[in-house]
Every structure is written in structure tokens, then in C-alpha cells.
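Dear colleague,

I am passing on the structure below, together with some notes on what turned up when I went through it. Please read them alongside the coordinates.

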Amino acid sequence: MIRTAFTGVLFLLLQGPALAQSSPGGPALDRSEAFERAFATSAYTFDACGDPLAGRMFRRALTERFAHCPFTPEARSRFQQNARGQLAKSRQMVENLVETNGGLPMRLDGMSMTCHEQQASDTYRQFREQLEQYSHGELTAEAVIASPCDASDIAP
């Protein structure tokens, strides 16, 4: 089940260069760290709190948003490699959490609220609705991930 959770994102990663659009006349971007951090954080924010569907939808939107940015081939390659590695790490992290806790924990280390409180918040519910709209083709990746391509931080 967890393995199939990441298959769709992996497919998008492999298709990234085919989806890529360049910005006419604009400089190519080389710093993909904000996208890489958001990708990694999503496993903690969504999957480890029991909402792997939201995690998959977020990573798919993030990957598509990345593909539409004018990144250099080197940045694209780096993002793809880091994302593939992160998928494996995230899968292992969730499996370890389940084994250690006999299920997913109520509160993750470093979180100010429980997973339930987070998912019950208006902010989370509104973002989750946007992810569902994206998943159904009703919103674009850019509408869900509104941060500019050269943002220093992209938070789920």
C-alpha cells in the first residue's frame, strides 16, 4: 500500500523534463532547494499524520509546479534525484513510525498540535480541498502551489 502511494509521484518525476516550460527571455533557475524541502516535508506533514492521499496530491502538484518553472537541466536532475531518494526515506519513516508506535502517533516530534488538531484546522481543510480540486483537474498546480519558482521557502 505504501509503495503504491509513491508511484504516481515517481511517474511525474520521470516525466518532468517533458512537462518543463521555459520562461521566454527569463533567466534559468538553478536553486531548487525550496522545492526539495517542501517535497521532503510533505511526508511528515501529511503521510506521517495519517493523510497519505493529501501527501500524494501535494507532491504531484509540487512536482508539476516545478516542471513548469524555468530550471536548468542540472537543477531538474538534482530535484529528481533528491525526490526519488526522499520517497524511499519517507516510506521507511512511515513504516518505522507505525512499527514503533503500533500505528501512527497522535503528535509528531516538533509539532505544536496533534495530527488531529492540525487536520481539523480551517487552514488544513481549505488546503486539502484545493488539493482535491487539483486532483480532479479543477485547479492548476500553480493555483495550489502559488509560490514563485524562485521562492526561498515553499510550505505545504
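pLDDT is the predictor's confidence in each residue, on a scale from 0 to 100, and it applies here since this is a predicted model. The chain has a mean pLDDT of 82, with 78% of its residues at 70 or more. Over residues 1-25, however, pLDDT stays under 50, although the model has 44 contacts beyond four places in sequence for that stretch. Where pLDDT is low, the predicted coordinates should not be read in detail.

As for I154, its contacts, leaving aside neighbours within four places in sequence, are A34, F35, A38, L62, I145 and S147.

The other point concerns the packing of two helices. The axes of α4 (residues 52-67) and α5 (residues 73-101) come within 11 Å and cross at roughly 170 degrees; since angles over 145 degrees count as roughly antiparallel, α4 and α5 are therefore roughly antiparallel to each other. On the α4 side the contact is made by R59, T63, F66 and A67, and on the α5 side by A75, R76, F79 and L87. Sorted by class, this contact of α4 with α5 has five nonpolar, one polar and two charged residues.

Note on methods. Residues numbered from 1 in each chain as written. Predicted model: local features only at pLDDT ≥ 70, side-chain atom pairs only at ≥ 80, totals over all residues. Heavy atoms only, no water. Axes fitted to C-alpha atoms, helices over the stretch in contact; angles between N-to-C directions. Helix = DSSP H or I, 4+ residues; strand = E, 2+ residues; numbered from the N terminus. Parallel < 35°, antiparallel > 145°, perpendicular 65-115°, else oblique. Contact = heavy atoms within 4.5 Å. Nonpolar A, V, L, I, M, F, W, Y, C, P; charged D, E, K, R; others polar.
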